[in-house]
Amino acid sequence: MSFVSRIALPQRTCWAVAGELRETLFWPCKSGKARAVMLLVPGNPGLIDFYIDFCTSLHSLFGDSLDIIGVSHLGHTRFSDNRGLAVKRSSVSSLSDQVANMVAVFDQIDADYMSAAQRPKMLLCGHSVGCYFSEKIVECRSDRVDRVFSLFPAVENIAGTPRGRQLWPMFYPGVRQVAAGLVDMLVWILPSAAILGLAGMSRSLNEDNARTVVEKMLHGPCINSILRMAADEMDEIGDLNEELYRRLGHKFVMYYGINDGWVPTAHHKRMAATNTKGKVYMCQNGFPHSFVTTHSAEMALVVADMLREELDCWEPVAVDTSSSTVVSCLARSTSKLID
């Protein structure tokens, strides 16, 4: 066994893109000759660590042919540079700034893989508002994006959704600053074990993600950045970009949830009526919008079904069939997707 084979995935690094350091996770294929490269664009809060289980499960099914690269959103997480020194970012990025830098991330990845003997397919996988980022990349790089997988796509009228109407007051400047200050005060007053215990009480976080929140996100500047992007989402993401989907809908595979407070079923119906060239599915498995905290392995199987068609290959691995949910998903991930 070589030393390289002992290194667990994902590989963690950071790299400079258009003047910004990007926290990055990388799952390279075993062969070193990827047939496809997937850029994972997270939702908000945009910590790529939330997606480790999902990406690891997906990569295990296509380990000889798929490279996966995931990046956190700017300012949403505390991380270290490649010398182990804390990265301190004083500015707060707008949604448009975040999108522009994500386009630059795609450009750099695409340029790096262009030198391969055979250019791999370039894939995007967006989650929630990450699907809006994917839209923007396709708008300006349509000739270089081969396929987009949009999971629970928050791409229209976020302010008018049930969750948007509930939470919008906390996203605006004065409230954001107070929330950021309160977080810093609580972190200073309470012992870390108490904070971790409070985070662990959340029904939407598993143990690993609760620890990630406490150690990487509960920091005033991070909270301010997360809420600033959320406020911009409310203000700027309005009507569905129907022109894009009528023109380039064939590039999109879209997966909606039944009981999704951020993406109501009306959004699915509108997308299905608009994007007649692509694939627009409604989940029948009951997976939640925040699937990364509870259903990462199951969602990886659903996306693997989509990728199998894209790559014309399938690399089965051992699955713990003691989980009735996994067995159910294996049996239904295709048959229960409905247009």
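Helices α6 and α9 cross in a right-handed sense. This is a predicted model.

**The helix pair**

Helix α6 covers residues 173-189 and helix α9 covers residues 220-236. Their axes come within 8 Å and cross at roughly 155°. Angles over 145 degrees count as roughly antiparallel, so α6 and α9 are roughly antiparallel to each other. Which residues make the contact? From α6 come Arg 176, Ala 179, Ala 180, Val 183 and Asp 184. They meet Gly 220, Pro 221, Ile 223, Asn 224, Leu 227, Arg 228 and Ala 231 in α9.

**The hairpin**

Strands β1 (residues 11-17) and β2 (residues 20-27) run antiparallel. They are joined by 7 bridges. Together they form a hairpin, with 2 residues between the strands. Ala 18 sits in the turn and has a positive phi of about 50°. Across the pair, Cys 14 stands opposite Glu 23 in β2.

**Cysteines**

How many disulfides does the structure hold? The count is 0. Cys 125 is in no disulfide, and its nearest cysteine sulfur belongs to Cys 55, 7.2 Å away. A disulfide needs the two sulfur atoms within 2.5 Å.

Are Cys 125 and Cys 283 buried or exposed? Buried means under 20% relative accessible area, so Cys 125, at 0%, counts as buried. Cys 283, at 1%, is buried as well.

| Cysteine | Relative accessible area | Class |
|---|---|---|
| Cys 125 | 0% | buried |
| Cys 283 | 1% | buried |

Conventions:
Residues are numbered from 1 along each chain as its sequence is written. This is a predicted model: local features need pLDDT of at least 70, side-chain atom pairs count only at pLDDT 80 or more; totals for chains, interfaces and linings use all residues. Side-chain values use heavy atoms; hydrogens and water are left out. Buried means under 20% relative accessible area, exposed over 50%, partly exposed in between (1.4 Å probe, protein chains only). Two strands pair if DSSP finds at least two bridges between them. Helices (H or I, at least four residues) and strands (E, at least two) are DSSP runs, numbered from the N terminus. Axes are lines fitted to C-alpha atoms, for helices over the stretch in contact, and angles run from 0 to 180 degrees between N-to-C directions. Angles under 35 degrees count as roughly parallel, over 145 as roughly antiparallel, 65 to 115 as roughly perpendicular and the rest as oblique. A crossing is left-handed if the near helix is turned anticlockwise from the far one by less than a right angle, and right-handed if clockwise. Contact means heavy atoms within 4.5 Å.
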